[in-house]
Amino acid sequence: RVSQDYKPQFGMSMYKNPKGEFAISAARNEYEAVQIVMRPLYQKSFSVYSITFSGFTHVNDPAIGIDSSNFAAYTVEYVPQLSYIVADRLVPFYPRGVSEMVNMPFWLNFYVPAGSEPGDYRGVVTFSVDDRIDPNGWYGRKDILFNVSLHVYNFSLPAVPTLKSNFGFTADDYYNETMEIF
């Protein structure tokens, strides 16, 4: 979780360094997620209008790919908890403003279908944001690109969990089923 006011010491401005990239690895039939946090550095606020994904293309065979429909973007919403606010809820992405000195996390979810070919893939995530051309105002939009590398392992996760578990078990359930009270 990233608090609203946390500011890393190493920071990076995608406006100044548009070569953002990240790498993920997944088995077939697995979801993998990445969190990207945006924060205004040189202006009071900006808006994020859209988050799109190109889909993945296999590095060795461009005819093989993973469709962009296997991607979902979420906004991380902050909720009050006692005397502070925490990042907690994931809601489907919607256009929104990012305020001065406040972090705005986005959760990007990628799914690797069960029939995917193993190997390395490449894709691009695009954030469409305000483009500040003049210090007196906002003019248009700018795309911030993140190059995504995906390595798909040569095995699949089962479609149905195979580990036995018991959620919601209570002692009352156990005693009612295993003993008779006279």
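Reader: Which residue stands opposite Tyr74 in E9?

Author: Trp107 does. Keep in mind that this is a predicted model.

Reader: What makes E6 and E9 a pair?

Author: The cut-off is at least two bridges. E6 and E9 have five bridges, in the antiparallel sense. They therefore count as paired.

Reader: How do you know that E6 also pairs with E7?

Author: Eight bridges join E6 to E7, residues 84-92. At least two are needed, so this is a pair. The two strands run antiparallel. One of the bridges has Gln81 with Tyr84 in E7 as its partner.

Reader: How many residues lie between E6 and E7 in their hairpin?

Author: Two. Leu82, in the turn, has a positive phi of about 55 degrees.

Reader: Why is Gly20 called buried?

Author: Buried means under 20% relative accessible area. Gly20 has 5%, so the label applies. Gly20 is in strand E1.

Reader: Which residues have the most contacts inside the largest nonpolar core?

Author: That core has 30 residues. Phe22, Val48, Ile51, Leu108, Phe110, Val125 and Phe127 have the most contacts inside it. Strands that each supply at least two of its residues include E1, E6 and E9.

Reader: What is Phe127 in contact with, beyond its neighbours within four places in sequence?

Author: Among them are Ile36, Val48, Ile51, Leu108 and Phe146. Ser50, Lys142 and Asp143 are also in contact with Phe127.

Terms used. Residues are numbered from 1 along each chain as its sequence is written. This is a predicted model: local features need pLDDT of at least 70, side-chain atom pairs count only at pLDDT 80 or more; totals for chains, interfaces and linings use all residues. Side-chain values use heavy atoms; hydrogens and water are left out. A nonpolar core is a set of buried Ala, Val, Leu, Ile, Met, Phe, Trp, Tyr and Cys residues joined through side-chain atoms within 4.5 Å. Buried means under 20% relative accessible area, exposed over 50%, partly exposed in between (1.4 Å probe, protein chains only). Helices (H or I, at least four residues) and strands (E, at least two) are DSSP runs, numbered from the N terminus. Contact means heavy atoms within 4.5 Å.
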